[in-house]
Amino acid sequence: MTVPRLSPTKVSYDYPSGGLDPFDVDEPRTQHLYEACGWSRAWVAGEAWALWSAESRATSEVIPLQYRSHSLLEKLAVVVNGIVLREWPETPQPAYALWREVERAQRSGARRESWMLPYRLIRQNGNGRNAFDVYEDAIATAVRPSPQAVTWLVCRVLAHHVVAS
């Protein structure tokens, strides 16, 4: 079996400046990244968490806040053409912002939306995503055979921000 080579990801936001490619598989430590109609660069988990917020000045100077939703993600696996190139462990970082939004929606009787699920499967090219309750379902979907060449990021949502309409 030949291990696929990854092409560089089209990074929409150079944040943090000089960070990693979101689909980098060489960094052994778990990484975080930002997704909002495009990818930010990735950084080693714990290095920049305190700086992140959908409303923070540092973030909003680089990532336009007009997009409807923004997510802070924890990278857990990269899968290419059904082959898991690398997996990383979840950090102890809680996903408070996501869970507060989910609880608020549940209390109001709102329908459960896909953004409320804690695990995501997102294509490298940004076209196509799925949401799951558990990591095992996300990785099982990513490794399914596909007639097309597909590169997936399996991640955990740490924070999600929806811009009010």
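1. Before you start: residues are numbered from 1 along each chain as its sequence is written, and side-chain values use heavy atoms, without hydrogens or water. Because the model is predicted, local features need pLDDT of at least 70 and side-chain atom pairs count only at pLDDT 80 or more, while totals for chains, interfaces and linings use all residues.

2. Helices (H or I, at least four residues) and strands (E, at least two) are DSSP runs, numbered from the N terminus.

3. Look next at Tyr135 itself. Apart from neighbours within four places in sequence, Tyr135 is in contact (heavy atoms within 4.5 Å) with Leu76, Ala77, Glu87, Tyr119 and Val154.

4. Is strand 2 (residues 31-35) mostly covered or exposed? It is mostly covered, with 5 of its 5 residues buried. Gln31, Leu33 and Glu35 are on one side, His32 and Tyr34 on the other. Strand 2 pairs in the antiparallel sense with strand 4 (residues 43-44) over 2 bridges and with strand 5 over 5 bridges; pairing requires that DSSP finds at least two bridges between the strands. His32 stands opposite Trp43 in strand 4 and opposite Glu74 in strand 5.

5. Gln124 sits in the loop between strand 7 and strand 8 (129-132). Gln124 is buried, with a relative accessible area of 13%. Its side chain joins that of Thr9 in a polar contact of 2.8 Å, meaning a pair of N or O atoms within 3.5 Å; within protein, one must be able to donate a hydrogen and the other to accept it, and residues adjacent in sequence count only if both atoms are side-chain atoms.

6. Glu27, in the loop between strand 1 (11-13) and strand 2, is buried with a relative accessible area of 13%. A polar contact of 2.7 Å links the side chains of Glu27 and Arg29. Not counting residues up to four places away in sequence, Glu27 touches Leu20, Val44, Arg86 and Trp88.

Technical notes
Buried means under 20% relative accessible area, exposed over 50%, partly exposed in between (1.4 Å probe, protein chains only).
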